[in-house]
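I opened this notebook to record what I looked up about nonpolar cores and sheet pairing. The entries follow the order of my checks.

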Amino acid sequence: MSEGEAVYIRVQGDDKLEPIIEIDNVCKRYGGIEALRDVSLRIPPGVTGLLGPNGSGKSTLIKALLGLLHTHAGNGRVLDYKWPRDTKAIRDSIGYLPEDDCYIAGLEGIESVSLMAQLSGLTGREALRRSHEMMDFCGFGEERYREVESYSTGMRQKLKFAQALVHDPPLLILDEPTTGLDPDQRLAMLRRIRTLATRHGKSILLSTHILPDVKTVCDHVVILVRGTVRVVDTLENLSRPIEPTMHVSVIGDHTPLAQRVSSEGHRVDWQPQTGILRIGGIDPDQTQRLWAWAAETDTAIRRLEPAVNSLEQIFIDVASGSLTAGIDADPSLTLLEADRAGS
Ligand SMILES: Nc1ncnc2c1ncn2[C@@H]1O[C@H](COP(=O)(O)OP(=O)(O)OP(=O)(O)O)[C@@H](O)[C@H]1O
């Protein structure tokens with residue numbers, strides 16, 4: 001990692017929860033390529049979005065957790081098992097939806113799911129019962145009796161999902177589960193993911209490039225960049241600016257209100273592209289002061305709302321190495337790698 005790059009890990013909130021995945025100092029090289037560089041990570045229960053630009057190491061991390069590839073260093077725990085020692089038990093406890101298609105030609109959908117269930121140790125009868133249950137959950141009708149190679153991309157995604165769920169694992173790892181789905185199917189898939197987390201207590205690691213999906217279903221976010229962990233936080237914390245900030249848009253000239261607010265010592269930024277005044281240091285429950293200043297300056301407020309950090313901007317800033325001022329300045333974030341690089 002070059003100097004100036006930093007890992008931003010908030011050390012508050014959900015760190016009280018017992019992690020479901022806890023790994024330290026994991027390294028993986030492919031020849032000269034360092035795919036994972038000293039990765040240490042704690043993932044709490046719930047739905048966690050695993051984000052990162054192409055080639056940042058997401059798939060390598062997933063395969064490493066599943067014991068599908070050999071790592072050069074690192075150890076830890078997945079659920080109640082030692083990682084990487086208890087690979088078999090870990091794999092039995094995880095439902096994995098891989099990014100690529102993987103089906104056996106000639107099998108019907110129901111046979112494909114049932115085969116996975118039997119490979120996981122279920123008896124033939126129980127495997128068939130669970131397979132029907134999971135295919136119902138995933139929205140399959142009579143097409144479950146069709147051969148898999150006749151399935152559309154969306155149906156193949158749902159088939160992989162049913163296969164991942166069929167042995168009722170406590171932890172799901174989903175690699176790009178909404179790829180190739182039309183908008184309705186995508187929403188249905190996201191609803192299923194959320195249902196599994198909230199009603200069935202599943203923990204889910206969701207690797208994706210689709211940031212709106214992360215905002216829809218995730219509680220936590222991990223961002224990898226060039227094989228290193230750069231952000232671990234709750235979505236809620238990431239969305240909240242370091243300083244409480246209000247967005248105000250007005251009818252007509254914003255200058256009198258901006259000057260009045262500024263004279264009270266608040267930071268004011270005018271954003272001409274959006275027509276929004278960003279006013280720092282005002283909590284959402286202190287807006288009566290803003291209304292009073294607007295009345296004093298004869299300004300009509302059209303819209304008033306708390307500012308939030310956008311996940312898109314955070315992602316861009318973290319990936320490019322330049323972070324938003326809000327995150328950068330947050331004292332509750334620990335600058336691990338910056339310290340290391342500087343030492
Ligand atoms: N089998 C392999 N042999 C050599 N290099 C590999 C191999 N698999 C991955 N890599 C390299 O390791 C790095 C991390 O790749 P990885 O596939 O884990 O990233 P990713 O974040 O999953 O990317 P994407 O978002 O494109 O799927 C990349 O530089 C990639 O080229």
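I worked on a predicted model, in which local features need pLDDT of at least 70, side-chain atom pairs count only at pLDDT 80 or more, and totals for chains, interfaces and linings use all residues. Residues are numbered from 1 along each chain as its sequence is written.

**Cores.** I took a nonpolar core as a set of buried Ala, Val, Leu, Ile, Met, Phe, Trp, Tyr and Cys residues joined through C-beta atoms within 7 Å. Buried requires 20 or more other C-beta atoms within 10 Å of a residue's own, with C-beta atoms placed from the backbone. The largest core holds 66 residues, and Ala162, Ile173, Ile204, Leu206, Val222 and Ile223 touch the most other members. Helix 5 (residues 153-165) gives this core its largest share, 6 residues. Another core, of 13 residues, lies apart from it and includes Met246 and Ile282.

**Ala162.** I listed its contacts (C-beta atoms, placed from the backbone, within 7 Å). Leaving out residues up to four places away in sequence, Ala162 touches Val113, Met134, Met135 and Cys138.

**Sheet.** Helices (H or I, at least four residues) and strands (E, at least two) are DSSP runs, numbered from the N terminus; strands pair if DSSP finds at least two bridges between them. I found an open sheet of 4 strands in the order 13-14-12-15, paired antiparallel. Strand 13 (268-271) and strand 15 (300-306) are the edges, each pairing on one side only. Strand 12 (residues 245-251) and strand 14 (residues 276-280) are joined by 4 bridges, and His247 stands opposite Arg278 in strand 14.

Technical notes
A residue is buried if 20 or more other C-beta atoms lie within 10 Å of its own, exposed if 12 or fewer, and partly exposed in between; C-beta atoms are placed from the backbone. Two residues are in contact if their C-beta atoms, placed from the backbone, lie within 7 Å.
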